[in-house]
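This report describes a single protein chain from its coordinates. The chain is shown first, and the description follows.

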Amino acid sequence: MRNTIDALGMDSTLSKKKINGSIYPILLAVIPGSFLSHFSAGLVNIALTDISLDLNISLSLSQWIVTGYLLSVMIFLPIMGKFSDRFGRKNIHNMGYVMFGVGILFSYLSTSIVFLLISRIIQGIGAAMLQSVNMVIIVDNVPKEKRVQALGLIGTAVGMGGFLGAPIGGILIGWFSWHTLFIIQLPIILTVLIIAIFFIPKDAPTQKSKFDLMGASIFSISLVCIIYILNEIGEGVFYRNQLMISILGIICFVLFLYRSKTNKNPFIDIKMFMHPIVKSGSFIIIGSYAACFAAIVVLPFYFRGVLQTSATVAGLFLMIYPLFLSIFGPLSGRLTARFGSFKSVQMALLLMIGTFGILSMISMNTSLYFIFIILATLGISMGLLTSPNYDLIMKYVPAYAMGEIGGTIALLRNLGMVIGTALGIAIVNYSAIVPVTEWLALDTYQDKISILKGIKDVFIFFTIALSCLYGLLFFVQKKKNIQ
């Protein structure tokens with residue numbers, strides 16, 4: 001199939017000014033938004049205990065400071081993708097920085113849980129505006145030969161933001177109050193907003209289709225129910241009354257799919273997933289992010305509870321993954337240029353499967369040097385996988401859905417993060433004798449063996465899951481004869 005971008009005539013319509021001019025100011029305007037919108041989640045997550053004590057609330061209630069933010073992002077991603085088609089991508093992107101900054105400022109000033117939750121929702125809306133259009137802005141304004149490298153930088157920013165938030169937040173919370181975690185982001189936001197205003201090219205709205213409010217409402221209800229149940233499963237808790245919430249979520253999701261098929265202007269057009277490449281690429285986004293986030297969630301239990309390392313050592317080792325991701329993410333363009341997007345995705349996915357397979361064999365005597373190599377390999381595999389997978393999906397997305405696909409990819413990415421976090425904790429809780437919430441109090445050898453078994457089960461599960469995704473990709477290749 002011919003590249004959708006070419007079919008749209010985007011490369012031919014890029015002005016000579018855009019092609020001949022430097023693309024770096026555009027990247028400098030877009031990439032910080034990708035980083036900060038994911039960085040903020042981990043940054044706050046590490047401070048939940050301090051926020052609970054300061055605001056005199058339970059830890060379970062404080063968890064909604066993070067969950068509410070993620071829900072806000074996921075609900076508004078498709079909405080903002082639609083709005084970008086109606087009001088222009090630059091307008092939505094730059095307003096995203098404004099909304100994100102307002103949410104940051106209000107969070108800094110918060111003195112109650114209600115005000116803080118509202119502030120985080122505002123911040124989540126801003127993050128959704130940024131994430132929904134960042135890739136499409138790059139596709140619109142970066143020449144084809146540099147596009148994969150530019151998309152790789154987006155993937156790198158997302159990965160680094162997601163995994164640097166917790167260690168940096170831990171350092172800052174030890175020196176300052178939790179309010180500081182918000183205010184330090186504000187100068188960066190103001191700076192990149194100014195860059196975005198001047199350097200992101202103006203674009204014209206592409207369509208004026210009617211907004212599907214009913215579809216958006218059904219989707220939001222199903223998403224809230226699903227994320228709530230995933231969080232409860234992640235805590236190892238499932239009560240009878242939660243069955244009704246699960247049923248409600250499933251019913252709303254089925255209704256959403258039906259409406260998407262029958263409505264002329266659906267909230268999310270599921271027809272853009274009809275091509276097998278788009279479908280398999282979307283599953284790979286969810287699966288790869290779920291696997292990596294699950295690994296990063298459970299590895300601290302291994303470092304602190306099994307190997308008995310200090311919090312500092314554990315934090316430093318968890319930074320290995322984003323470090324190598326940041327190095328190899330931009331280099332993925334060279335791999336794609338030599339082997340093509342499809343082959344690159346296959347090779348990177350195989351490397352990730354092998355890494356999880358090796359992680360499933362860790363023991364109480366595994367050396368830290370070996371763990372360093374494995375975490376570095378995991379970062380390399382994710383860095384090499386992300387941008388060619390994005391590029392592959394965009395090649396086969398229908399032309400009319402180009403504005404929407406950026407928000408949809410970001411939605412799948414966030415969904416993978418939430419699923420991975422919940423499954424990682426749930427599998428450890430299910431396999432281990434000692435609840436994962438008591439992992440720092442491990443005293444006996446049997447307790448450590450129990451937690452280690454739970455951690456290894458997580459890696460075994462995702463080795464199998466990623467292998468299934470590779471099998472799906474292999475089947476699609478044979479069926480469609482893709483090289």
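Helices (H or I, at least four residues) and strands (E, at least two) are DSSP runs, numbered from the N terminus. The patch covers about 610 Å² and is made by Met95, Val98, Val102, Leu105, Phe106, Tyr108, Leu109 and Phe115. Patches are made of residues with over 30% relative accessible area and no salt bridge; like charges are joined within 9 Å, and nonpolar side chains (Val, Leu, Ile, Met, Phe, Trp, Tyr) within 5 Å. Accessible areas come from the Shrake-Rupley method with a 1.4 Å probe, and for residues only the protein chains shown count as cover.

The model is predicted: local features need pLDDT of at least 70 and side-chain atom pairs count only at pLDDT 80 or more, while totals for chains, interfaces and linings use all residues. Residues are numbered from 1 along each chain as its sequence is written, and side-chain values use heavy atoms, with hydrogens and water left out.

Leu109, in helix α8, is partly exposed, with a relative accessible area of 48%. The buried residues of α8 include Arg89, Lys90, Tyr97, Phe100, Gly103, Ile104 and Ser107. Buried means under 20% relative accessible area, exposed over 50%, and partly exposed in between (1.4 Å probe, protein chains only).

Gln123 lies in helix α9 (residues 113-141) and is buried at a relative accessible area of 0%. Not counting residues up to four places away in sequence, Gln123 touches Ser40, Tyr69, Met99, Phe100, Gly103, Ile104, Ser107 and Phe182. Contact means heavy atoms within 4.5 Å.

Ile285 is placed in helix α15 (residues 276-306). With neighbours within four places in sequence set aside, Ile285 is in contact with Asn389, Tyr390, Ile393, Ile409, Leu412 and Arg413. The C-alpha atoms of Ile285 and Met417 are separated by 9.8 Å, although the two are 132 residues apart along the chain. Ser381, in helix α20 (residues 368-396), touches Ala348, Leu351 and Met352, again not counting residues up to four places away.

Relative accessible areas for several residues are tabulated here.

| Residue | Relative accessible area | Class |
|---|---|---|
| Ile285 | 1% | buried |
| Ser381 | 0% | buried |
| Cys292 | 0% | buried |
| Cys468 | 52% | exposed |
| Asp457 | 21% | partly exposed |
| Lys453 | 45% | partly exposed |

The structure holds 0 disulfides, a disulfide being a pair of cysteine sulfur atoms within 2.5 Å. The count of salt bridges comes to 1, by the rule of a side-chain nitrogen of Lys or Arg within 4 Å of a carboxyl oxygen of Asp or Glu. Asp457 forms a salt bridge with Lys453, and their closest N and O atoms are 3.0 Å apart. Both residues lie in helix α22 (residues 445-480), 4 residues apart, about one turn of the helix.

Over the whole protein chain there are 22 helices and 0 strands. Of its 483 residues, 59% count as buried. Among contacts between residues at least 6 apart in sequence, 83% join residues at least 24 apart. The protein chain exposes about 20,200 Å², with carbon and sulfur atoms supplying 69% of it.
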